[in-house]
Amino acid sequence: MNQQPSRTAGDTKGPTIHGEHTYRSQGGHSIHGQPNHTGLPQKQRHIRNSRRKIRQQLTQMKKMQWHIQFSWVKAHVGILGNETADTLAKEAATSTDTPEFYDEVPISVVKSEIEVASVKKLQREWDQSTKGQITKQYFQDIVARLNMELNLTHNFTLMVTGHGNIHSYLHRFRIRGTPTCPCGIQDQRIDHLLFECELLRKERNILKTNILKTGVLPINKSELIRKHFKGFFKFTNDISFDKLTNSDPNGD
Ligand SMILES: [Zn+2]
């Protein structure tokens with residue numbers, strides 16, 4: 001039995017089962033054929049069943065001592081098997097009532113596509129949301145955020161959300177009598193603490209020194225996260241919010 005694939009020189013198109021030759025070669029137990037990749041949609045159940053039938057028939061013929069070879073043949077020159085394959089491919093491609101199935105798609109591909117779609121949806125929602133305005137200034141890109149391994153601390157979370165033990169936030173909920181920072185300059189908001197508050201001058205100077213080793217000033221929140229995360233993380237954890245809060249003469 002000979003199953004060595006072979007090619008016919010010069011023929012590069014129209015892979016097909018060589019029907020005519022099959023019939024002519026029956027006496028010598030020979031068949032010319034080859035895998036079909038011409039356009040029969042892989043996602044159609046009846047095509048899969050057809051492939052199975054072809055394999056079964058080939059197996060059966062091998063048992064009967066048929067000599068089977070695979071070869072390329074020229075397309076569109078009237079070869080019966082090739083013309084039949086073309087016709088079936090066109091029918092399948094233009095059919096609108098052929099059910100699709102997905103059990104030949106690897107799970108990893110499905111997972112990957114779902115993940116990409118989910119991240120895109122999340123990014124759209126993040127862009128359109130009116131919530132988390134402060135956090136959005138730090139984290140604009142969802143993919144970049146997902147790729148970060150954050151060891152969250154209380155201070156860091158407070159500084160990237162604005163939620164916690166700062167006067168403007170506590171004042172909103174009537175927990176403090178005034179939003180003003182103990183430095184007396186402005187309301188105690190995140191931007192004030194990060195860029196202006198005199199009470200954090202020492203911590204900020206350390207941050208600036210770290211930034212200037214590789215970057216430039218001024219700098220915005222997004223750049224702090226993307227380019228100087230380590231220095232910014234240290235800055236947030238160096239802040240004593242209890243001290244800032246307790247030094248408020250207008251607080252209770
Ligand atoms: Zn201040």
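Predicted model: local features only at pLDDT ≥ 70, side-chain atom pairs only at ≥ 80, totals over all residues.
Student: OK. How far does α4 reach from its first C-alpha to its last?
Tutor: Helix α4 covers residues 107–128, which is 22 residues. The reach is 32 Å, close to the 32 Å expected.

Student: Is α4 largely in the open or buried?
Tutor: Largely in the open, because zero of its 22 residues are buried.

Student: And the protein overall, what percentage is buried?
Tutor: Buried residues are 17% of the 252.

Student: How many helices and strands are there?
Tutor: The protein has 13 helices and two strands.

Student: New topic. At what angle do α7 and α12 pack?
Tutor: About 105°, with the axes 8 Å apart. Helix α7 is residues 154–161 and α12 is residues 229–238. Angles of 65 to 115 degrees count as roughly perpendicular, so that is how α7 and α12 sit relative to each other.

Student: Which residues make that contact?
Tutor: From α7, Asn-155, Phe-156 and Met-159. From α12, Phe-233, Thr-236 and Asn-237.

Student: How do they divide into nonpolar, polar and charged?
Tutor: Three are nonpolar, three are polar and none is charged.

Student: What about confidence: what's the mean pLDDT?
Tutor: The mean is 81, and 77% of residues reach 70 or more.

Student: Where is the pLDDT below 50?
Tutor: Over residues 1–36, and again over residues 248–252. Beyond near neighbours in sequence, residues 1–36 have 75 contacts in the model, and residues 248–252 have 10.

Note on methods: Residues numbered from 1 in each chain as written. Helix = DSSP H or I, 4+ residues; strand = E, 2+ residues; numbered from the N terminus. Buried ≥ 20, exposed ≤ 12 C-beta atoms within 10 Å, placed from the backbone. Axes fitted to C-alpha atoms, helices over the stretch in contact; angles between N-to-C directions. Parallel < 35°, antiparallel > 145°, perpendicular 65-115°, else oblique. Contact = placed C-beta atoms within 7 Å. Nonpolar A, V, L, I, M, F, W, Y, C, P; charged D, E, K, R; others polar. Expected span 1.5 Å × (residues − 1). pLDDT = per-residue confidence, 0-100.
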